[in-house]
Amino acid sequence: MLITLTSAAHSGSASACLKLGAWRALTRKEADAARRMWAQARDLGCDQSARALQAFDDNTGNPLLAAVTTLVDSPDIDTGVSVASALTNATDASDADLIIRTLEFAISLPLGNAAGLCDAVCAAMLTLQRLQVSLPPLDSTRLQSMLDDCVRRGNAGAALILGRAMCGIDTAFAESTSLAPKRNMRGGTALLLRAADAGMSDAWLLLHHVHADGQGSVANPHAARFFLEKAAATGNVNAQRQLGALILKAALDISEFELGMHWLSQAATQGDAIAKSLLRTFVLPVHGTDREADQAIAQVMRMDPWVAHRLRTARNFGLTKTEAISVDLVSGLRSWGLVVSNDAADQRIRTRFSRTIPALETRYLDQLRESVEFFRASGESGAIVNGERRQRPHTLRYVLDRIGFDESVFFAQVPTSKISSFRQGSSWAHGVRSTLKTALTI
């Protein structure tokens, strides 16, 4: 279509020059491209182009907008369709500058609320949100009217944008008041629910945010938790991190620690740096380099595979010597790491407890599964009897003496208070309060 229009304009068609000038005004950043075409059409006797040129020359603020405004009622140009098409092209190209420029035409021109134009405006806003680009101030009443039209026709994206704005939550591309002049929490949450039910996963997290606000008119902690769980279940990484951190912060028993670890690990798997940082706090430190440890383990594997598997697990998961000797890897394996039962807890702690330890690297989990298969094949599982408990340290000591390695390369050696901090979520949370605050607010 554009090729045909360009050819006709070059052949001397005044109507084609008029239309091509309008299209270039909408799609090109240089004003001269449109002005030249209108000047050519004027010279060919087109009165509409003459009026557009006059408006262009008289306006020093936004001459192109002034010129195109004179063409809105032109019988030769469907301006609304042209603006919608130009905005769609800019959106498809993810050209943020051109999107913003074309949006100004869509909002400022007296075009009405044609469905195609409103949908194009909504799609453009969603793209600006994805690109994290700010939108300059526009007519908020007009914007809300166009988004309302989209919502009435079942546009979930519009429900997400407008619901968020009505709840007073700024977007990455605009302040809430620039999209909805008046706040309406109940109306906004209804729109967010509609968007969430239609598959817009971000809406679940926004609903959590609104209901978790203790000062808000729709505050409801139980609903907030439900919405956060829904968001996490859709794969939203922010929700997974927040849910995991929230559960771990309040954890009182091993099942809660496991659930929190599951969600935090889900976020970390998607590359969330804050989730990874929190997971690292559950792994006690060991000394030495991975290279020397791997060499030692390879040597031990030829001497005593039982010891080798336990040494490797101890280093990968930061186990104490007591935990490494006693832990039942078969029952402790989880999709995200390892659970050390209270039977294997450090003997120095008066009240022993189970603790959860994440796999900080994929290879650690792969090696743990390999060790589990080894112990399962050897028939070792469940609690160990007293005789075994007494014999295992001697076996371990004998092997380490033979290879000449210090225990600190494989076993965590930390104060009892450090291990005890994992007993309750509140104790752990106190030690990581700065990172935890960030995890729960971003």
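How are H6 and H7 oriented to each other? In this predicted model, the two helices are roughly antiparallel, because their packing angle of about 160° is over 145 degrees. The pair is described below, after the chain as a whole.

The protein chain has 442 residues, and 50% of them count as buried. Its secondary structure comes to 25 helices and 2 strands. The C-alpha trace spans about 105 × 50 × 35 Å along the principal axes. The radius of gyration is 32 Å, whereas a compact globule of 442 residues would have a value near 22 Å. Contacts in the chain were also sorted by sequence separation. Among those between residues at least 6 apart in sequence, 63% join residues at least 24 apart.

Two packed helices are described by the angle between their axes and the distance between the axes.

Helix H6 covers residues 79–92 and helix H7 covers residues 96–108. Their axes lie 9 Å apart, at an angle of about 160°. The crossing of H6 and H7 is left-handed. From H6, the contact involves Val83, Ala86, Leu87, Ala90 and Thr91. These residues meet Leu98, Ile99, Thr102, Leu103, Phe105 and Ala106 in H7. By class, the contact of H6 with H7 has 9 nonpolar residues, 2 polar residues and no charged residues.

The loop between H6 and H7 holds Ser94. Ser94 has a positive phi of about 55°, although it is not a glycine. Most residues other than glycine have a negative phi. Ser94 counts as partly exposed, because its relative accessibility is 31%.

Gln132 shows a positive phi as well, of about 60°, and is not a glycine either. Gln132 sits in the loop between helix H8 (115–131) and H9. At 56% relative accessibility, Gln132 counts as exposed, because the cut-off for that class is over 50%.

The next pair is H13 with H14. Helix H13 (residues 221–233) packs against helix H14 (residues 237–250) with axes 8 Å apart. The angle is about 130°. H13 and H14 are therefore oblique to each other. H13 passes H14 in a left-handed crossing. On the H13 side, Arg225, Leu228, Glu229, Ala231 and Ala232 make the contact. On the H14 side, the residues are Ala239, Gln240, Gln242, Leu243, Leu246 and Ile247. The contact of H13 with H14 has 7 nonpolar, 2 polar and 2 charged residues.

H14 also packs with helix H15 (residues 254–269). The axes of H14 and H15 come within 7 Å and cross at roughly 155°. That angle makes H14 roughly antiparallel to H15. Here too the crossing is left-handed. H14 contributes Val237, Gln240, Arg241, Leu243, Gly244, Ala245, Ile247, Leu248 and Ala250. H15 contributes Glu256, Phe257, Leu259, Gly260, Met261, Trp263, Leu264, Gln266 and Ala267. By class, the residues of the contact of H14 with H15 divide into 12 nonpolar, 4 polar and 2 charged. Gln240, Leu243 and Ile247 of H14 take part in the contact with H13 and also in the contact with H15.

Two further residues were considered individually. Gln48 lies in helix H4, which covers residues 47–58. Gln48 is buried, because its relative accessible area of 15% is under the 20% cut-off. Leaving aside neighbours within four places in sequence, Gln48 is in contact with Leu18, Leu71, Ser74, Pro75 and Asp76.

Asn155 is found in a loop, between helix H9 (140–152) and helix H10 (156–166). Asn155 counts as partly exposed, at 21% relative accessibility. With neighbours within four places in sequence set aside, Asn155 is in contact with Asp119, Cys122 and Cys150. The C-alpha atoms of Asn155 and Ala123 are separated by 9.9 Å. Along the chain, Asn155 and Ala123 are 32 residues apart.

Terms used: Residues numbered from 1 in each chain as written. Predicted model: local features only at pLDDT ≥ 70, side-chain atom pairs only at ≥ 80, totals over all residues. Heavy atoms only, no water. Axes fitted to C-alpha atoms, helices over the stretch in contact; angles between N-to-C directions. Helix = DSSP H or I, 4+ residues; strand = E, 2+ residues; numbered from the N terminus. Parallel < 35°, antiparallel > 145°, perpendicular 65-115°, else oblique. Left-handed = near helix turned anticlockwise from the far one by under 90°. Contact = heavy atoms within 4.5 Å. Nonpolar A, V, L, I, M, F, W, Y, C, P; charged D, E, K, R; others polar. Rg over C-alpha atoms; globule rule 2.2 N^0.38 Å. Buried < 20%, exposed > 50% of the residue type's maximum accessible area, 1.4 Å probe, protein only.
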